[in-house]
Amino acid sequence: MTTRYALITGITGQDGAYLAQLLLQKGYDVWGLVARRSTDTLWRLRELGIDADVRLIDGDLTDSSSLIRSMQASRADEVYNLAAQSFVGASWNQPLLTAQVTGLGAANLLEAMRMVNSQARFYQASTSEMFGLIQAEKQSETTPFYPRSPYGVAKLYAHWLTVNYRESYGLHASSGILFNHESPLRGLEFVTRKVTDAVARIKLGLTSELRLGNIDAKRDWGFAGDYVEAMWLMLQQDTPDDYVIATGRTTTVREMCRIAFSHVGLNMEDHVVIDPAFFRPAEVDVLLGDPGKARAQIGWEAKTSLEQLIAMMVEADLRRVSNGQPDARARLAA
Ligand code: NAP
Ligand code: G4F
């Protein structure tokens, strides 16, 4: 069988690590673009035990030359654009950087792919955040977008550019409109991991309080390990297209929190403090995806329930905290 080559931007992120693992299992030669940082960004690849199995290339989505070089070096026939400034909260503080990386970054990569190998297949990490102020109770591929953050606006540009390059140049370019997905590898700034990490610290007596913002917000949460399978499936189709990837169930932050605390026999009411500092200038109140098209056309559906997901995350954080594992807490503004 001939070797298949994949290039993943954002390989050091949550999804990048799980996708790299999946593609390695499928026999791909996996290359990843890694931006220079002064901190250790390879911890996720190490946790999955695949850091020695992937090939890492220095580069940045804002540096076109590094993207052209990455396309050439990897000889990629599948390109997954997962890199982004992905934290919604930070996008109000860094709107220009978010536009450059999360928005224009996709343009840089699409252009590099067109120059080096226009036959390669392209995946864009689009997001339910584009639905923002929702225009339908259940959001599908045909629901109009109304982004509510600089991040959502940047992602919408990248999304439409992916559609446009498909229609303009005939590229095999697909966009996955993924709803929130989490895992033990989730960044600590996102609310699920912030909660599961705090639950572990409270249970082990290291702290007693968890400060949160709008716990009435509702999200459609799934497991990242399930969602990367959908990315791969999209690029195996004869025809490129856009797909909503979601569980079809929505839950408040409050209820997600309750599930996490009760997993270790604690009451959230004894520990959660509402702090206005964590409220956003504009909120996405509720997200609920309709994954019907993905089920019907690419045979994908979520396998992991929210209860299983949160249990998995709390258990992983209990292990980490017990082992005194360092984390990136100092970097957070969550
Ligand atoms: P993540 O953990 O924040 O990972 C983002 C990745 O992008 C990291 O590897 C990061 O590198 C890299 N990156 C940031 N700026 C870069 C730059 N200028 N050049 C090159 N790489 C850069 O995000 P994730 O949760 O895995 O999400 C993956 C993608 O899906 C993102 O595009 C996100 O916006 C999108 N998405 C996520 C969700 C979700 O619920 N997780 C839902 C819908 C869409 P460092 O490690 O060096 O920071
Ligand atoms: O976990 P979050 O920060 O995720 P958010 O904003 O939904 O964005 C994530 O999902 C998107 C897909 O819809 C991705 F595109 C994006 O890259 C990212 O992965 O916040 C979830 C909800 C929000 O309503 C937020 O206001 O939780 C609320 N929340 C309440 N207290 C909090 C907190 N969020 C954070 N991060 N920290 C809090 O203390």
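Domain bounds here come from an automatic or database domain assignment.

**Entry 1: ground rules.** I'm looking at a predicted model, where local features need pLDDT of at least 70, side-chain atom pairs count only at pLDDT 80 or more, and totals for chains, interfaces and linings use all residues. Residues are numbered from 1 along each chain as its sequence is written, chains are lettered from A and ligands numbered from 1 in the order in which they are written, and side-chain values use heavy atoms, with hydrogens and water left out.

**Entry 2: ligand 2.** I started with the domains: domain 1 (5-181 + 221-245) and domain 2 (187-219 + 250-285 + 304-332) each give at least three residues to the shell around ligand 2. I counted a residue as near when one of its heavy atoms lies within 4 Å of the molecule. Around ligand 2 I find 25 residues, with Thr-127, Ser-128, Tyr-151, Arg-280 and Glu-283 coming nearest.

Which classes make up this shell? I get 11 nonpolar, six polar and eight charged residues. For the classes, Ala, Val, Leu, Ile, Met, Phe, Trp, Tyr, Cys and Pro count as nonpolar, Asp, Glu, Lys and Arg as charged, and the others, Gly among them, as polar.

Next I checked polar contacts (pairs of N or O atoms within 3.5 Å; within protein, one must be able to donate a hydrogen and the other to accept it, and residues adjacent in sequence count only if both atoms are side-chain atoms). The side chain of Arg-280 puts an N or O atom 2.6 Å from an oxygen of ligand 2. For Asn-180, a side-chain N or O atom sits 2.7 Å from a ligand 2 oxygen, and for Lys-194 a polar side-chain atom is 2.7 Å from one. On its own ligand 2 exposes 710 Å², and the protein buries 96% of that (Shrake-Rupley method, 1.4 Å probe; for residues, only the protein chains shown count as cover).

I also noted that helix H6 (191-203) and strand S8 (210-212) each supply at least two shell residues for ligand 2. Helices (H or I, at least four residues) and strands (E, at least two) are DSSP runs, numbered from the N terminus.

**Entry 3: ligand 1.** Ligand 1 has 25 residues around it, and Thr-12, Asp-15, Ser-86, Tyr-151 and Lys-155 are the closest. A polar side-chain atom of Tyr-151 is 2.6 Å from a ligand 1 oxygen. I found backbone N or O atoms too: Leu-82 has one 2.9 Å from an oxygen of ligand 1, and Gly-13 has one at 3.0 Å.
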